[in-house]
There are 2 protein chains.
Amino acid sequence: MTKLELQAIGTIHSPWTQTGGMPIQPRYAQDAEGTVEVFASFVPGLKDLEGFERVWLLYWFHQAKESRIQVKPFKDDTVRGLFATRAPCRPNPIGLSSVRLLGVEGNRLRVADVDILDGTPLLDIKPYVPEFDHFDIQRIGWLATASGRTMSDHRFGDTKEKS
Amino acid sequence: MTKLELQAIGTIHSPWTQTGGMPIQPRYAQDAEGTVEVFASFVPGLKDLEGFERVWLLYWFHQAKESRIQVKPFKDDTVRGLFATRAPCRPNPIGLSSVRLLGVEGNRLRVADVDILDGTPLLDIKPYVPEFDHFDIQRIGWLATASGRTMSDHRFGDTKEKS
């Protein structure tokens with residue numbers, strides 16, 4: 001089997017330099033602004049991106065400790081299956097955030113609603129497209145009765161909690 | 001820098017055994033059903049997942065050819081920056097699809113709205129949560145005037161086109 005190896009294509013800069021007290025989702029980030037620095041060889045791939053209002057960032061949870069298969073997530077006091085949460089301590093520590101795109105200047109994206117730790121390695125940028133990404137659904141499992149917590153603490157060590 | 005290495009945590013089984021004529025997004029998959037097989041050591045992570053109506057699948061575009069930084073996407077006749085498209089030939093070939101969860105039986109998820117090639121390595125499962133994943137936006141760049149095509153052809157070689 002081919003080795004599944006990734007490369008950082010840039011670095012995410014944000015106001016969040018530690019895991020305590022940072023937002024656990026873009027929805028809770030209260031317009032926090034950041035910068036996505038894209039390494040030079042990938043800059044031609046940014047063409048046409050500025051027309052989009054939001055983009056998905058995929059990134060590497062670089063401060064996540066070893067993966068756990070069940071966790072007590074931030075919004076609950078019960079141990080849940082990892083894949084039923086957005087916790088960072090995943091077998092493949094890939095984060096996913098929809099951020100607001102304020103502008104593209106050279107190799108830098110100015111973004112808002114940032115819930116990502118400063119210095120995080122960037123893996124991918126995809127346009128956010130309602131036709132592809134919006135589904136009207138009702139059932140959200142344990143999150144239907146979850147707490148209203150929106151900020152992280154240090155329970156996952158040096159990284160943030162995602163749900 | 002730490003090596004960014006992934007591991008397959010399962011395999012996605014679907015009706016789509018070749019890249020021509022398959023849906024380019026879950027939205028266009030017309031209820032096509034598939035099975036997500038999760039390798040044994042990750043099964044405890046599926047606890048609590050069944051309560052969710054949809055899940056995000058992250059997966060490895062295993063049939064994608066070498067990455068290109070600009071592409072002529074399926075829904076357009078103009079060359080676009082790769083990051084303004086959902087094309088599979090990405091520097092980090094990670095696919096993202098929101099599929100409908102029909103049931104969880106042991107190490108298998110029955111899913112619908114599958115736009116993923118049969119045999120694709122699974123990287124992650126995350127719950128689909130409207131509060132986290134829905135954003136009402138207006139601007140969708142070049143896709144605002146894109147074609148209505150919803151099925152792939154072979155333009156990206158042995159893999160499918162995503163947008």
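**Nonpolar core, chain contact and barrel**

In this predicted model, the largest nonpolar core comprises 90 residues. The residues with the most contacts inside this core are Val55, Leu57 and Leu123 of chain A, together with Val55, Leu57 and Leu123 of chain B. For Leu123(B), leaving aside neighbours within four places in sequence, the contacts include Asn92(A) and Ile94(A) in chain A. Within chain B, Leu123(B) is in contact with Leu6(B), Ile9(B), Leu58(B), Tyr59(B), Trp60(B) and Ile94(B).

The contact between the chains involves 56 residues from chain A and 56 residues from chain B. On the side of chain A that touches chain B, at least two residues each are supplied by strands S1 (4-6), S4 (54-60), S6 (80-81), S7 (94-105) and S9 (120-127) and by helix H1 (130-133). S9(A) provides the largest share of that side, with six residues. Classified by residue type, the side of chain A that touches chain B contains 31 nonpolar, 11 polar and 14 charged residues.

Strand pairing also links the two chains. S1(A) and strand S1 of chain B (residues 4-6) run antiparallel and are joined by three bridges. In this pairing, Leu4(A) lies opposite Leu6(B) of S1(B); Leu6(B) is also one of the contacts of Leu123(B).

In chain B, six strands form a closed barrel in the order S2-S3-S8-S7-S4-S9, with antiparallel pairing. From one strand to the next, the twist averages 45 degrees. Within chain B, strand S4 (residues 54-60) and strand S9 (residues 120-127) are paired in the antiparallel sense over five bridges. Leu57(B), listed above for its contacts in the core, has Ile125(B) in S9(B) as its bridge partner.

Note on methods
Residues are numbered from 1 along each chain as its sequence is written. Chains are lettered from A and ligands numbered from 1 in the order in which they are written. This is a predicted model: local features need pLDDT of at least 70, side-chain atom pairs count only at pLDDT 80 or more; totals for chains, interfaces and linings use all residues. Two residues are in contact if their C-beta atoms, placed from the backbone, lie within 7 Å. Helices (H or I, at least four residues) and strands (E, at least two) are DSSP runs, numbered from the N terminus. Ala, Val, Leu, Ile, Met, Phe, Trp, Tyr, Cys and Pro count as nonpolar, Asp, Glu, Lys and Arg as charged, and the others, Gly among them, as polar. Two strands pair if DSSP finds at least two bridges between them. A nonpolar core is a set of buried Ala, Val, Leu, Ile, Met, Phe, Trp, Tyr and Cys residues joined through C-beta atoms within 7 Å. A residue is buried if 20 or more other C-beta atoms lie within 10 Å of its own, exposed if 12 or fewer, and partly exposed in between; C-beta atoms are placed from the backbone. Axes are lines fitted to C-alpha atoms, for helices over the stretch in contact, and angles run from 0 to 180 degrees between N-to-C directions.
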